[in-house]
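Dear colleague,

Please find below the structure for your files. My notes on its domains and on the surroundings of its ligand follow.

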Amino acid sequence: MIGAGCTLQELADAPEIPEALREAALGMGSRNVRNRATVGGNIAADRPCSCLIPSLLVLDATLQVAGMDGVGAGLTRQIGLAEWLQAPSGLILEVKLPTADALAAGSRRAAYARWARTATDAAVLGVAVSFRLQETSIRDLRVAIGGVASKSRRDHKLEKRFESWPVQASVDDRPAIEAAALPFLLPDEFGTVGADFRRVRGAALFADVLTAAMDRGGAR
Ligand SMILES: Cc1cc2nc3c(=O)[nH]c(=O)nc-3n(C[C@H](O)[C@H](O)[C@H](O)COP(=O)(O)OP(=O)(O)OC[C@H]3O[C@@H](n4cnc5c(N)ncnc54)[C@H](O)[C@@H]3O)c2cc1C
């Protein structure tokens with residue numbers, strides 16, 4: 001369980017969090033910003049390339065929220081992050097990661113990476129994946145991408161395309177993953193970085209992240 005007031009630096013320093021979430025917290029490149037930005041604020045700001053939202057979505061995060069619309073005064077509600085992002089309201093109190101045990105046990109793998117113009121600039125693209133390995137193929141794949149569309153959300157078409165994808169020596173497989181992902185990346189026209197660049201770079205980043213999760217070998 002992660003308190004909503006936890007800063008991104010505290011999150012990055014916590015020894016027990018899944019590696020894909022630490023990578024996401026450190027994705028906010030400036031330590032000064034990480035010392036100020038909170039988990040609740042990063043989720044609620046819901047920026048096009050929120051560093052935390054992609055990883056939290058692929059880790060099936062749930063939120064404990066007080067004062068949500070339609071919930072009695074003084075009461076809290078537990079709600080999936082994906083559902084909350086559709087109609088945000090109330091004060092986020094804490095974040096739970098139901099998949100944390102599976103990641104720690106190695107039965108689920110996850111990874112995150114981002115692309116930014118400079119090391120401390122806000123990210124332009126962020127990609128997170130998590131999956132279970134069944135024999136030698138990917139199962140229950142979750143993919144979340146930020147910066148291709150105007151919000152960071154799960155990409156169910158990419159998930160379907162790569163469900164059951166064989167896990168080979170990932171270094172050999174990376175070009176095939178990138179080529180297979182490219183037609184699925186359909187950027188919105190927004191922001192200052194062109195759609196064509198975000199499409200091509202997004203496919204490359206997805207291939208990097210999927211192969212990194214394959215190579216993670218089950219350790220968180
Ligand atoms: C140089 C720089 C680089 C940056 N890079 C990145 C980046 O790579 N990725 C990225 O995602 N962001 C980046 N940011 C943006 C910044 O980190 C976010 O603004 C920050 O994450 C917001 O967190 P906060 O705690 O400051 O929230 P606040 O700014 O305090 O709040 C944001 C919004 O969330 C609401 N809110 C806050 N807490 C809660 C809560 N518990 N429950 C419900 N609503 C709440 C507030 O009312 C407000 O509407 C960058 C900023 C700078 C200056």
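Into which domains is the chain divided? The chain consists of domain 1 (2-100) and domain 2 (109-215), with bounds taken from an automatic or database domain assignment. Please note that this is a predicted model, in which local features need pLDDT of at least 70, side-chain atom pairs count only at pLDDT 80 or more, and totals for chains, interfaces and linings use all residues. Residues are numbered from 1 along each chain as its sequence is written.

Taken over C-alpha atoms, the centres of domain 1 and domain 2 are separated by 21 Å. Contact between the domains involves 20 residues of domain 1 and 30 residues of domain 2 (two residues are in contact if their C-beta atoms, placed from the backbone, lie within 7 Å). On the side of domain 1 that touches domain 2, helix 2 (19-26) and helix 5 (53-58) are the elements that give two or more residues; helix 5 gives the most, with five residues. Helices (H or I, at least four residues) and strands (E, at least two) are DSSP runs, numbered from the N terminus.

Turning to the ligand, 22 residues lie around it, of which A37, T38, G40, G41 and A44 come nearest (a residue is near a molecule or strand if its C-beta atom, placed from the backbone, lies within 6 Å of it). Helix 3 (31-36), helix 4 (39-45) and strand 4 (91-96) each give two or more residues to this shell, and helix 4 provides the largest share, five residues. Both domain 1 and domain 2 contribute at least three residues to the shell around the ligand.

With kind regards
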